[in-house]
Amino acid sequence: MNKPIKEKLESTFRDIQVAVPEDNRIAVTAEKPNVLAILRFLKDTGFDHLALLSAVDWIEDNCFELCFILTCYMQNDDEYLDSQRLHIILKTKIPRVKPQFVTITGIFPNAEPYEREIHELFGISFEGHPRLTPLFLEREYEIPPFRKDFDTRKYVEDIFDKIPFVMDKAK
Amino acid sequence: MTVEILLIVAFGGAVLSYLLGKTSDKGRDCFAVFISLALVAFVACLYGRSVERTFYFGFFGIGLVLRLNMLSWFFAITISSLGALCTIFSLSYMKDRERTDFYYLMMLVVNAAMLGIVLAGDLVSFYVFWEVMSWSAFLLISYNKGPALAAGMKYIVMSVTGSVCFLVGMLSLYVFFDTLNISELAPAISSASGGYILFILTAFGIAFGIKNAVLPFHAWLPDAHSEAPAPFSAVLSGILIKMGTYGFLLLLYVILGLKVFLGLGRGLLSYHSILCFLGAVTIIVPTFIAMLQTDAKRLLAWSTVGQAGYIILGIAFGTNLALAGGIFHFFNHALFKALLFLAVGAVEFRAGTRNLDSLGGLAKKMPVVFIGALVGICALIGVPLTGGFVSKWLIYKTLILEGSGFLAFFALVGTWGTILYSYKLIHNVFLGQLPERHRTVEKAPFSMQLPVVVLSVAILLFGILPGIPLKVINAIGTSFGFEPLNVTLWGIASETGALNTINIFFAVLIVGIVVWLLFCSGAKSVSVRQQDSYAAGAHTPVDKYHYTAEFYNPLYRMIKPFLRDVTDEIYYGIAFFLRSCAGILRRIYTGDVGFYVTYIILFLAFLIFVQLKWKPW
Amino acid sequence: MDRNQITKWLKAPAKMANKYSLHAIYFCTGCGIIEVPPVITARWDAERFGIIPAATPRQANLFLITGYVSVKTLRAIIRTYEQMPEPKYTVGFGSCPINGGMYWDSYNTIKHLDKYIPIDGWIAGCMPRPEAIFIAVTHLWTLIEKDMANGYIRYKDNYESYRSNQEMALGKLEWPPLYPASDEHRGGE
Amino acid sequence: MVTKVMQIIFSPVLALVVGVFFLGLARKIIARIHWRWGPPLVQPVIDIVRLFYQKSVSHGLVFDLGIILSLAGSIVVVLFLPFGRWCPLDGSGGLLVILYIMLLAPLGMALSGGEGANPNISIGISRKLILSLGYEVPLLLVLLAVMTRYKTISIMEVVNVQQGTSWSIISFPLVLSGVSYFLILPAILGLRPFDVSSAPQEISSGLMAEYGGKYLALATIEHAFVLFISIALFVNMFLGGAANPIIFFVKMLVVFVPGLFIHAVFPRFRVEQAVKYLWKWPTLLAFLGLIMTMVIGG
């Protein structure tokens, strides 16, 4: 099952690398412009479930990597063979200095909270996103906390350790 | 101080106040209040006198007979006192409304007409005052335009059909006995045949049933009560409904007499048991409908229909205890229903709305009205220290001891339905959190608080010392031919189970004080602002945290299929059917002259043809 | 357990009653909550010590904070603590409320809970076993006996510093202060 | 006269002791069914003493007066109920007054809860009133059957007649009413299948959500009195009261304990399910009981 997918992908798109690390895994790395086309193509071929959208911070080569994991929603029904139960991971790199990406809620509406989370914790802004407001965090951070250059120990020292213990007046 | 001066003062006062209103509003208000208080004083000092006077005007020979006995005195005192309180209430309720002179005129005319009905000695004057009352009530119901007009129309159509039945009954009586004086009718009618009596009963029964909102004829009441202005809807449901009760009493006990009434028909099919069954059903159905209303006045209107069922049940059951219970419940219902309507009117006057889902927390803003409404619903439910309990106790005792358990069951389940909808009224209007938009609501004006306080005190007084009204009711019972109850100041003393409200009062008082001391012995409690209530640690948003809507939703889901208002649909069906018939007729009477001329010519031709052919003349 | 000694009851009924009827409200913050069900059910029955779960903070006098405290739940914990009526005791489960525990350097957990609300008893352990919880309860009894379980009194005396700590950690708080500074409205008795 | 005053003073105290003992017994029995050791029998007393020393929160005057009215209502009902040979206020109203004063307690709690202005409380009140409408239908049929059977409305007479002849639960028409009353007893007492109005998990104990120290103490005392009243009513009407209080207490125990077994293991009804159940079997039995008494009673 994954052989034909691999050929089809390579035939339709030019500068993408398709690797098959295991029998039911396909890793596709692509450039930013044709990510949307690939996503739409995969969705049409039956991978209609965006399992996860996450970001990885490669601080050494100064870039963020967005990973989209797609599966076919009904794949664990019995008419699917074991070999057909596939996970496709699509990776793309974006520069770390002013991270920008386009929203994919047009194709996968359930990506909306993922993108908000990545925006809040990594600082990657997605244009076209309906509401890019903070999702979890209570406080504001200059460096978004999930970035590698965010020093948690220093943050704890100058926020929480500054709060004094309560000296009991009575004693 | 004789009876006719009372009526002259009543009607004259109404007209005078209208004329006075042309010059100065202040003068008219004080004069109207003065007149209604004077009426109360006049009626009070007529106590105990039974008088019969006839006056012959030029009205082609039929004289106006005025009669005063214990029964009519009891009704008259209730009418005049309630009328006085409602006029005082409407001083500030009607302050900045237009057409207030017309309102006061109609209000005093309705009072005077009701006094007239109660004092009427013969059926003609009874009918005249009945019509005056119905029409002035119609004018008052449709006072504030809009939907009130439709409600007024519905009311007047039904009460006119009632009056027509009354007229038919009256004329047949006149034809048979050629006298319409009530005291002469009574001996004559006992000689009439059973069938004729049944016809009289149905004719008058329909007339009084419509006015008393017995079940099949209750369709007009919810609309009329919720659209009428608050002080008038208090009079409407407090007293005007009870004119039907007075009619039933007059018909069943004065005209027909006890033996004839109970003798009609056998066993279950006798007239009195059908009336009892009708009364019992009237208790149940409106109570469940009242539970699900979201408009305060409509809820109270449905509860009026329910409580009228108690009175019918009490009157129709035919033992001295039941009669005493029925009449005492009429008196209590007049008091607490007027109190509740006045309280809701005060809330509507201040907060601007009477929709139960959007009100809340007004107890802090309007404490006196809240206490009044609380006493009102306690009396409505029949909580022991209020009058409502004593009258219900009398009815239940006789129902049980006479062995008709199912009527008692219907009435008791009605009480539990009353608890649900009366608590909903208090909870949605006065308890709970005060919404932002009602934060600027201030206290009800004094002229609204005075009637509420007076009525609450009266309810509690007659609840703790029921002997005062029971003595008068006992006299009424004996005048109807029942053997007297031995009435003590605090209830009934009889071997088959006595009632002693003083014991209950002292028990509740002492135990209440003991519990209050126990309460104060605990650690001091800290008063907390409205927003500081438990919300699982979350912040309670203003206005969004607590408001009550669809209070009895689970019950509503259960009894929804049974709730279609069948009688309303029937009446609207008849109305639309009649309208369509009229439509057909319209095609013949097209209204332009040409058609009429052709009709005449055709008819003449037809006549000539018949004459030529058969020569009948 | 000196519960059955009538003389102690007659001498100090308030203290004895507070000891042997602790209505606990346990706040399901972190992982500690999984320890509470076995404590109140068949194997280790807490009811024999007089501890029953209470539905709302108004009915409770023992507050169990089970597990790490994130910045978001601190707001709810402060609100619940302030809604409990006076003689109230708090017990912190596990090492996270003590000093942040495993999440000592995390950006969104509260390290020392007793900077924000007074804590009467700590139970060490990265989720203490039920026996440890009962040891804590008996220890709390001795504290109550010796009048040392005075968390709520400390809270009232140093309310300003507690409040300022809370505002430093959480920013603006939506509810007004429990004991207003000028002490005229609430009359801090 | 003096014995009457003594009765009036002591019968509420006795009722309180019996009620609180029942509360303690209930917790012990439920614990044993759950294989737990369970608290000492006097645990409710300890709780009440602690609650009286605990400060509390009040939401205004109606919040306080409501709970006082509700407890006063329950205590006054106890004055009307015969306990063994004692019946303090027998001569003033009988069963009808008991029936009507019994509604003072839920009304008082509802008023004070309404002032508490908490959505949990309002849901609790609406459920409590619907449930009370549910179990009131069969209860009224049962009371009417007893009253028409003995042709009286004073409960003392009902007890005296039963002392003479056999218990009324054995005589034919009233066995139906007795069984129906027993079926709705858990609903009146608020035991597990019907404790929908004070469910701690869903609506954080409904009416008692805002009750702190002394309010909760008064609420538990009021629950103890309601326990005593409903079971004493059952024993007086169907098990023939008792010559002396000890036998009366034993009879009450016999009636109370089976309800607990159901309470310990049963999940909780929703309000509609509870009312549907109450309006089906118990009402049918009570209805038959009333018809039979009217037919045989003649």
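A: Two residues are in contact if their C-beta atoms, placed from the backbone, lie within 7 Å. The model is predicted: local features need pLDDT of at least 70 and side-chain atom pairs count only at pLDDT 80 or more, while totals for chains, interfaces and linings use all residues. Residues are numbered from 1 along each chain as its sequence is written, and chains are lettered from A and ligands numbered from 1 in the order in which they are written.

By the contact rule, 61 residues of chain B touch 67 residues of chain D. On the side of chain B, α17 (387-401), α18 (405-430), α21 (501-521), β5 (525-527) and α22 (553-559) each contribute at least two residues; helices (H or I, at least four residues) and strands (E, at least two) are DSSP runs, numbered from the N terminus. That side comprises 37 nonpolar, 20 polar and 4 charged residues, where Ala, Val, Leu, Ile, Met, Phe, Trp, Tyr, Cys and Pro count as nonpolar, Asp, Glu, Lys and Arg as charged, and the others, Gly among them, as polar. Strand β5(B) also pairs in the parallel sense with β1 (residues 56-58) of chain D over 3 bridges, pairing being defined as at least two DSSP bridges between two strands. Within this pairing, B:S527 is opposite D:S58.

Chain D is in contact with chain C as well, through 27 residues of chain D and 19 of chain C. The side of chain C that touches chain D holds 8 nonpolar, 6 polar and 5 charged residues.

Chain C is the part to be examined closely. It contains 8 helices and 5 strands, arranged from the N terminus as α-α-β-α-β-β-α-β-α-β-α-α-α. The 5 strands of chain C build an open parallel sheet in the order β2-β1-β3-β4-β5. Its edges are β2 (52-53) and β5 (121-123), each of which pairs on one side only. Strand β1 (residues 23-27) of chain C is joined to β2(C) by 2 bridges, and C:A24 is placed opposite C:P53.

Two helices of chain C lie across this sheet. Helix α4 (residues 71-83) lies across β1, β3 (62-66) and β4 (89-93) of chain C, at about 170 degrees to β3(C); axes are lines fitted to C-alpha atoms, for helices over the stretch in contact, and angles run from 0 to 180 degrees between N-to-C directions. Helix α6 (residues 130-145) lies across β4 and β5 of chain C, at about 160 degrees to β5(C).
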